[in-house]
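Student: I would like to learn how to read a model of this kind feature by feature. Could we go through it together?

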Amino acid sequence: MTDRVPYREAITLQPAALDACLKAVSGRLEALDVAPLKSGPVVLAGIGASLYAAVVAAAQMRSQGIRAFALPGTDLYDASVDAGSAYIAFSASGRSEEPAHAMELRPAAATYGIAKADATPLSRVVKHMIATDSGADSGPNTTSYLGSLLTAALLADKVGTPSGAHWPELSVRAAATLDQTRKQADKAAKLLSGKKSIDCVGAGCAYGTAGYAALLIREAARIAAQDWDTLNFLHGPMEPNDKDSGVLLFGDGREVKLAKDLAAFGIPSVLVTSRTDVDDEANLVVIHVPGFSKGIGDAILQAIPAQLLIATLSEDAGLPVCNFRYRQTDTKRDV
């Protein structure tokens with residue numbers, strides 16, 4: 001199998017990728033020195049989809065008693081700023097310039113890297129490398145994104161208060177989520193089809209999911225999209241929304257009332273939630289994803305219907321393959 005596969009095909013590979021990641025990373029963590037991560041603060045750095053993986057991971061770590069926060073790699077370009085006691089760089093390919101450069105500027109710091117493979121440019125500038133072994137990926141990132149999240153979850157369990165999640169069950173749950181949400185994801189895509197913009201909303205770990213979804217929409221479907229923290233969205237950002245724009249929400253709390261309110265205002269909305277007491281209504285499609293583990297576990301599963309609906313949006317727009325029109329030459333390092 002080649003390392004790059006079509007977007008929709010890669011979505012279906014994710015249960016197997018999660019299983020491979022669990023086995024590989026569990027073994028690597030047995031020998032990993034995590035002492036520098038225990039005291040904190042821990043800075044998680046990334047760019048693109050990997051930045052949103054860092055946002056999810058940082059929120060999860062905080063929930064497990066680890067002092068952690070996420071930053072774009074470029075926020076760490078001033079090497080005189082000692083932002084943390086340890087750093088974790090996320091890069092799906094291991095080749096992204098910005099998180100690698102941020103680690104490169106801190107040769108004396110405790111640095112860790114998370115990428116889908118060893119022997120990448122990132123591995124040469126960090127002291128500890130964790131390869132996810134998530135396998136073949138697509139553009140935009142699918143298997144590598146979920147692999148990064150699972151790796152962060154396993155690391156958080158080793159460093160902080162254990163989450164209690166039964167991670168060996170995750171790949172089975174991912175396969176079920178693929179099957180069970182496909183129909184609603186297609187329905188959601190039809191609701192959002194043709195919209196001039198789509199806002200993506202969530203809180204905590206789901207804020208990272210919202211960022212990831214917004215990036216996928218921009219990359220795969222070429223629709224303007226933006227991520228918002230749930231409560232921040234209430235303070236003005238929702239004012240431009242109308243029948244010609246859409247909102248994709250992730251969560252079980254304030255997101256539920258917000259989704260209903262938006263629908264009542266005539267704004268097409270999609271809610272991804274573990275709650276079973278919310279149903280479709282005019283201008284609202286609800287995608288139910290049974291809860292697995294609060295935080296990052298649910299974030300992994302809730303990303304899947306978002307990927308599915310965005311795959312349909314991209315195909316309906318005549319873009320079944322994601323090829324960047326404006327690719328820049330200075331964003332990746334040579335292997």
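Student: Which residues are linked with Arg28 in a network of salt bridges?

Tutor: Side chains of opposite charge can pair when their charged atoms come close. A salt bridge here is a side-chain nitrogen of Lys or Arg within 4 Å of a carboxyl oxygen of Asp or Glu. By that rule Arg28, Asp118 and Asp133 are linked in a network, and the structure holds 13 salt bridges. This is a predicted model, in which local features need pLDDT of at least 70 and side-chain atom pairs count only at pLDDT 80 or more, while totals for chains, interfaces and linings use all residues. Residues are numbered from 1 along each chain as its sequence is written, and side-chain values use heavy atoms, with hydrogens and water left out.

Student: How far apart are the closest N and O atoms of Asp19 and Lys23, and where do the two residues lie?

Tutor: Helices (H or I, at least four residues) and strands (E, at least two) are DSSP runs, numbered from the N terminus. Asp19 and Lys23 form a salt bridge with a closest N to O distance of 3.2 Å, and both belong to helix α2 (residues 14-30), where they are four residues apart, about one turn of the helix. For accessibility, buried means under 20% relative accessible area, exposed over 50%, and partly exposed in between, with a 1.4 Å probe and protein chains only. Asp19 counts as partly exposed at 28%, whereas Lys23 is exposed at 58%.

Student: Which salt bridge involves Arg333?

Tutor: Arg333 meets Glu97 through their side chains, at 2.8 Å from N to O. This pair links distant parts of the chain, since Arg333 is in the segment after α11 (296-316) and Glu97 in helix α5, 236 residues apart. Arg333 counts as buried, with 15% relative accessibility.

Student: What does the salt bridge between Glu281 and Lys260 tie together?

Tutor: The closest N and O atoms of Glu281 and Lys260 are 3.1 Å apart. Because Glu281 lies in the loop between β9 (269-273) and β10 (284-288) and Lys260 in helix α10 (residues 254-264), the pair ties together parts that are 21 residues apart in sequence. Glu281 is partly exposed at 36%, and Lys260 is partly exposed at 32%.

Student: In what order do the five strands of the open sheet come?

Tutor: Two strands pair if DSSP finds at least two bridges between them. The order in this open sheet is β2-β1-β3-β4-β5, with parallel pairing. Axes are lines fitted to C-alpha atoms, for helices over the stretch in contact, and angles run from 0 to 180 degrees between N-to-C directions; the twist averages 20° from one strand to the next.

Student: How many bridges join β1 to β3, and is β1 enclosed or open?

Tutor: Strand β1 (residues 42-46) pairs with β3 (residues 86-90) in the parallel sense over four bridges, and Leu44 has Ile88 as its bridge partner in β3. With β2, strand β1 pairs in the parallel sense over five bridges, and there the partner of Ala45 is Leu71. Five of the five residues of β1 are buried, so this strand is largely enclosed by the rest of the structure. Both of its faces are covered, with Val42, Leu44 and Gly46 buried on one side and Val43 and Ala45 buried on the other. Helix α5 (residues 97-104) lies across β1, β3 and β4 (110-115), and runs at about 160° to β3.

Student: What is the volume of the largest pocket, and which residues are closest to its centre?

Tutor: On a 1 Å grid over the protein atoms alone, a pocket is an open set of points with protein on both sides within 12 Å along at least five of seven lines, and lining residues have an atom within 4 Å of a point. Grid points are joined across faces, edges and corners, and a volume is the space filled by probe spheres set on the points. The largest pocket has a volume of about 940 Å³. Of its 34 lining residues, Arg4, Asn141, Phe324, Arg327 and Lys332 are the closest to the centre. The largest share of the lining, three residues, comes from α4.

Definitions and conventions: Contact = heavy atoms within 4.5 Å. 1 Å grid on protein atoms, 1.4 Å probe; cavity = no way out; pocket = protein on both sides within 12 Å on 5 of 7 lines; lining within 4 Å.
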